[in-house]
2 protein chains.
Amino acid sequence: MKKCVIPISGGLDSTVILNHVHKNYDFDEIHALSFDYGQRHKKEINCAVDQVFGKVKSFKTVKIDFISQLFSTSSITNPDIDVAETKDVLGDPQTVNYVPNRNTIFLSICTGYAESLGADTVFHGSALVDSEAGYWDGSKEFLTSINKHNSLNRRDKIKIEAPLIELSKKEIVKLGIDCGVDFTKTWTCYKGQDKACGTCPACSSRLQGFILNKKIDPLEYSINIDWNKFDCEPII
Amino acid sequence: MKKCVIPISGGLDSTVILNHVHKNYDFDEIHALSFDYGQRHKKEINCAVDQVFGKVKSFKTVKIDFISQLFSTSSITNPDIDVAETKDVLGDPQTVNYVPNRNTIFLSICTGYAESLGADTVFHGSALVDSEAGYWDGSKEFLTSINKHNSLNRRDKIKIEAPLIELSKKEIVKLGIDCGVDFTKTWTCYKGQDKACGTCPACSSRLQGFILNKKIDPLEYSINIDWNKFDCEPII
């Protein structure tokens, strides 16, 4: 029985991974986890719920909102700090949108869960842009390091796989289209308002991914996006 | 301002570390964390509360009891599995008392907290016996690995220090006595009953530590211990 664990935020990348793994890998069981860590864009978890239906053996939401209570330095978990816009984060090695050690925390929980389930693989949603956008914990060095760490385990050496880590957002959107992802049920914007803002770093890179594929992102944005100007068509 | 984070379980090792760091290191602020992970011996947290008083700048209990709900393979978090006794764990590389990936989870949370606080050091309670007793996540290789991982951080390279990792339980009890630890307010037994059982691996190594120092452990045990036979005296 081949099992894996997929942390799914409800964002674009982890949703593409879930669909990609479900369609193209041969796991007998997929076990999904979402993290409620007090994030500003908590509504992403609703998208995760929509996405897992029919694809996973189990789905749990793990409440670790002590992160928002204890880790006060991040715009993502502290409502008093403004989310940094794209223009403010370029070249910043660790932006205010970084949640301290978040991915190590998430992956260490997923790893323990995988050990307990008898799963041998955990998927990690990092994409090429994450390392460039100020997140050390989205880099290839990070991935290598955490795999090396897990290999010290004396019995269950859980492998962390990150199938998107060398992919651009253009390639990720393309993969998502090929896997039949319903993009209306994904949430990317850091701000977590009614509509996606279209200007935060997460929105910017998502929009770029769609535009370079000449496809219209079916999500509603609070800014006007002239899709015709970019020759974009609806996803069929 | 020099700050550190100390995860304190209320057990012998972390209590000795807290007292040792408070007495012999020069941090301006110690920030302590306890983890409520649904452990069988949850009463240890009461000891942590007693120990931190007057020594720390802050103390928080972090509730991560999803561990006991999700990680079903460990005797420490699953009441349906018996705690393995000392005789059953000798030579076992990963015993049923192992909680999957627990120390990586704890330390990754402490590291994120340290980043957020502007602390540069996290203390880790592992002792020599932990690696021998079936815990890869108490070994020196584990410590080296997690420090290497943390060094990838682009801004705050949090150091994990484990001052007891090469010390025997005899040496740890001696250090605790030298630091004036109140051992009546420490809890070691895995079983978490009214009195310590005296036979689980945690009790066994604790008792050995006191006996080799020729001191009486002031904790109450449910088995009879003939301290006179070992020439043990009360700690003054």
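Modeller: Let us begin with the word helix: a helix here is a DSSP run of H or I that is at least four residues long, and helices are numbered from the N terminus. In that sense Phe142(B) belongs to helix α7 of chain B. Please keep in mind throughout that this is a predicted model.

Colleague: What makes Phe142(B) count as buried?

Modeller: A residue is called buried if 20 or more other C-beta atoms lie within 10 Å of its own. Phe142(B) has 25 C-beta neighbours inside 10 Å, and therefore it counts as buried.

Colleague: Which residues is Phe142(B) in contact with, leaving aside its neighbours within four places in sequence?

Modeller: They are Leu152(A), Trp136(B) and Asp137(B), where contact asks that the C-beta atoms, placed from the backbone, lie within 7 Å. As for Thr104(B), this residue is 38 residues away from Phe142(B) in sequence, while their C-alpha atoms are 8.9 Å apart in space.

Colleague: How do you know that the buried residues of α7(B) are on the same side of the helix?

Modeller: The buried residues in α7(B) are Phe142(B), Leu143(B), Ser145(B), Ile146(B), His149(B) and Asn150(B). Around the axis they cover an arc of only 165°, which puts them on the same side of α7(B). On the face turned away from that buried side, α7(B) carries the exposed residues Glu141(B) and Lys148(B).

Colleague: What covers the buried residues of α7(B)?

Modeller: The cover includes α7 (140–150) of chain A, together with α5 and β5 (159–161) of chain B.

Colleague: Why are the two copies said to be related as by a two-fold rotation axis?

Modeller: Chain B can be laid on chain A by a turn of 180° and a shift of 0.0 Å along the axis, with an RMSD of 0.0 Å. The two copies are thus related as by a two-fold rotation axis. In chain B, the C-alpha nearest that axis belongs to Ile105(B), and its distance from the axis is 3.0 Å.

Colleague: How do you know that the copies meet through the same surface?

Modeller: Of the interface residues of chain B, 100% are also interface residues in chain A, so the copies meet through the same surface. On this surface, 34 residues of chain B are in contact with 34 residues of chain A. The elements of chain B that each supply at least two residues to the side touching chain A are β3 (58–63), α3 (66–70), α5 (102–117) and α7 (140–150). Of the elements, α5(B) gives the most, with ten residues. Sorted by class, that side of chain B has 14 nonpolar, twelve polar and eight charged residues.

Colleague: Why is strand β2 of chain B described as largely enclosed?

Modeller: Six of the eight residues of β2 (residues 29–36) of chain B are buried, so this strand is largely enclosed by the rest of the structure.

Colleague: How many bridges do β1 of chain B and β2(B) have when they pair?

Modeller: Two strands pair if DSSP finds at least two bridges between them. Strand β1 (residues 3–7) of chain B and β2(B) have five bridges and run in the parallel sense, and in β2(B) the bridge partner of Val5(B) is His31(B). Between β2(B) and β3(B), which also run parallel, there are six bridges, and Asp36(B) has Lys63(B) as its bridge partner in β3(B).

Note on methods. Residues numbered from 1 in each chain as written. Chains lettered and ligands numbered in written order. Predicted model: local features only at pLDDT ≥ 70, side-chain atom pairs only at ≥ 80, totals over all residues. Least-squares fit on C-alpha atoms with pLDDT ≥ 70 in both. Contact = placed C-beta atoms within 7 Å. Nonpolar A, V, L, I, M, F, W, Y, C, P; charged D, E, K, R; others polar. Buried ≥ 20, exposed ≤ 12 C-beta atoms within 10 Å, placed from the backbone. Arc of directions from axis to C-beta.
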